Amino acid sequence: MRRVAVIAIVSGSLGMGGQYAVDGRWGMVLACLLAGALWLFPTQYGAGQRPTISLLFLAGAGGAGVYLDYAPVWLLTHFVILLIAWDLDHFTRVLQQFSKDHAREKEPSALFHAHLRRLGMVAGLGWCLGMAALYVRVPTRFAGALALGLLVFLSLQGIVRFFDQGGGSNAE
Amino acid sequence: MNKLSNTFILLIYGLILVGLATLKGPLLAFAIPFVVYLTVGLFFEPEPVHLQAKRTLSTDRVNQDTPVTVHLKIKNEGSSIENLLIEDIVPAGLQIIEGNPKLMTSMKPGETVTLSYTLCGARGYYHLPGLRTTASDHLGLIRKYKDLALSSRFVVLPEAYKLPEVGIRPRRTRVFPGLIPARKGGPGVEFFGVREYHSGDPMRWINERASARHEHTLFVNEFEQERATDIGLILDCRIETNLFRGNTELLEHGTQAAATLAESFLNYGNQVGLLIYGGMRNWVHPGYGKIQRERILRALATVRLYDSYVSQELVNMPTRLFPARSQLVLISSLLFQDLPTLIALRAHGYPLLVISPDPIHFESKLLGSSQTVAQAVRIVRLERDFLLRLLRRTGARVFDWQVDQPFHQAAHYALTHGAAWRTSQGVVHA
């Protein structure tokens with residue numbers, strides 16, 4: 001299970017670094033690889049703040065690629081891989097903390113596979129919608145764009161607030 | 001761990017804001033997978049959790065360092081749960097030595113999961129309050145928390161070792177047979193004296209040598225009767241006598257000594273009571289047998305240090321709780337101001353055995369070995385020796401116990417009848 005998370009992290013950092021390697025920016029390649037290594041270290045040896053730093057750095061590197069005219073398809077793909085890596089890293093760390101159900105020895109593996117299926121669906125959908133956003137052009141006026149932007153912000157705020165309150169607690 | 005971390009939110013807002021500000025559409029597109037990730041969470045929000053749980057403990061009373069196995073059976077009486085985290089709340093003071101009180105699983109309606117783990121802890125009463133459950137979707141974005149009240153209790157008793165004998169000789173004994181020499185002639189084991197033959201005395205008691213010296217008179221041997229007696233155990237729980245540098249405590253040693261002595265005295269058929277002196281009045285009325293042993297051990301399981309102005313000195317000790325002239329056993333490292341109270345106890349006719357864990361030896365090991373420490377130790381050692389000498393002069397028997405050696409081992413040598421005989425004044429060194 002952890003191996004899959006490690007593969008995702010390595011792929012994410014190598015992919016981001018690879019974009020810069022093609023352009024001959026070796027400093028950035030090294031920085032991306034270091035960020036990946038930094039991320040991997042707490043994945044192997046327990047929790048820490050390093051995944052946060054690495055994720056933000058690699059996402060920043062991907063965002064900067066837009067200004068360097070790198071292929072947005074690959075950048076989007078690497079962003080999706082980063083999302084997968086971040087999720088799997090978190091999930092495997094959570095899973096490691098808890099025991100197996102003794103009656104069902106394969107429980108963690110079953111949970112992991114169910115998680116992978118859901119994540120695969122999300123990643124696929126996200127990539128497809130991202131690709132659509134990259135290539136489908138809808139002509140709109142400034143006011144329309146502003147309204148859409150506002151809608152996005154308000155929706156996001158609603159979702160975040162919902163997740164923050166999500167669950168709640170009740171005693172029995 | 002909060003799945004929806006600030007980093008994640010920052011990343012989405014960052015991509016959108018920078019994309020809008022710099023008019024770079026791809027940045028907005030890059031935010032889409034992250035937004036989809038969040039949105040999917042909305043569609044798979046878990047239903048309210050309905051669980052039924054049953055906890056069984058391997059035992060509800062154990063001795064110190066004996067493991068307790070906890071089995072949990074949880075049944076899902078609601079709808080299907082994609083991810084369920086079950087956490088049995090383990091109180092502080094207990095250690096998990098095997099298994100894990102947390103379980104992450106998925107549950108279909110009507111499905112049952114089991115969870116087992118093994119605990120071990122220091123003496124005390126423990127209460128397992130219940131389960132904390134967290135249900136979420138597979139991505140773990142929305143969580144529903146629920147606390148299930150599921151109360152279980154168990155007690156960890158202090159270890160009571162067996163002592164072969166404790167050499168006490170109180171002046172007053174009860175009429176019941178026991179193992180305490182009663183200072184009275186009659187049937188017994190140890191030779192007590194010679195008296196004139198009375199009708200009904202067994203022929204094997206006749207002392208032929210003494211009888212041969214007197215014509216027409218027969219003499220018989222008398223033996224010392226062995227009876228049960230009343231014993232009051234007093235455990236000193238004052239913070240002044242027990243707490244030392246670095247929050248180290250002598251109390252654990254004292255508790256173990258009290259448990260071992262109670263076990264030993266009760267095994268000999270004596271009537272034993274316990275007074276835990278320190279804060280609130282904690283008193284086990286004198287009694288016999290296994291039930292009394294259980295009462296005393298349970299009382300000792302709850303013992304802790306007390307910091308009370310009222311009980312800073314032994315002068316407020318309620319000695320009337322003990323039968324008059326009963327044997328008192330005080331377990332205390334002693335303070336100088338305790339001496340008048342102990343002298344008063346002796347004056348009131350209570351035979352007194354003082355088990356005194358040596359606080360100087362205990363604390364000096366924590367202080368290291370510098371010249372200053374050595375000098376300080378020497379001074380307080382003189383003071384303590386003086387205190388113990390004064391106490392012995394009152395007729396009290398004092399056992400100066402260095403707690404490096406377990407009590408049952410140290411007492412095996414120092415508190416037997418042989419030791420009592422060796423030390424006519426009751427002066428015993430461990």
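User: In what order do the elements of chain A run from the N terminus on?
Analyst: In this predicted model, the order is α-α-α-α-α-α-β. That is six helices and one strand.

User: What makes B:F8 in helix 1 of chain B a buried residue?
Analyst: The cut-off is 20 or more other C-beta atoms within 10 Å of its own. B:F8 is listed as buried, so its count reaches that cut-off. B:L11, B:I12, B:L15, B:I16 and B:G19 are buried in helix 1 of chain B as well.

User: How do you know that these buried residues line one face of helix 1 of chain B?
Analyst: Look down the helix axis. The buried residues fall within an arc of 115°, so they line one face. An α-helix has 3.6 residues a turn, so residues three or four places apart point the same way. On the other side of helix 1 of chain B, B:N6 and B:A21 are exposed.

User: How do you know that the span of helix 1 of chain B agrees with its 16 residues?
Analyst: The rule is 1.5 Å times one less than the number of residues. For residues 6-21 this should give 22 Å, and the end C-alpha atoms are 22 Å apart, which agrees.

User: Why are strand 1 and strand 5 of chain B said to stand at the edges?
Analyst: The open sheet has the order 1-3-7-5, with antiparallel pairing. Strand 1 (51-57) and strand 5 (94-99) each have a single partner strand, so one side of each is left without a neighbour in the sheet.

User: What makes strand 5 and strand 7 of chain B a pair?
Analyst: Pairing needs at least two bridges. These strands have five, in the antiparallel sense, so they pair. B:E98 has B:T118 in strand 7 as its bridge partner.

Conventions:
Residues are numbered from 1 along each chain as its sequence is written. Chains are lettered from A and ligands numbered from 1 in the order in which they are written. This is a predicted model: local features need pLDDT of at least 70, side-chain atom pairs count only at pLDDT 80 or more; totals for chains, interfaces and linings use all residues. Helices (H or I, at least four residues) and strands (E, at least two) are DSSP runs, numbered from the N terminus. A residue is buried if 20 or more other C-beta atoms lie within 10 Å of its own, exposed if 12 or fewer, and partly exposed in between; C-beta atoms are placed from the backbone. The arc is that of the directions from the helix axis to the C-beta atoms.
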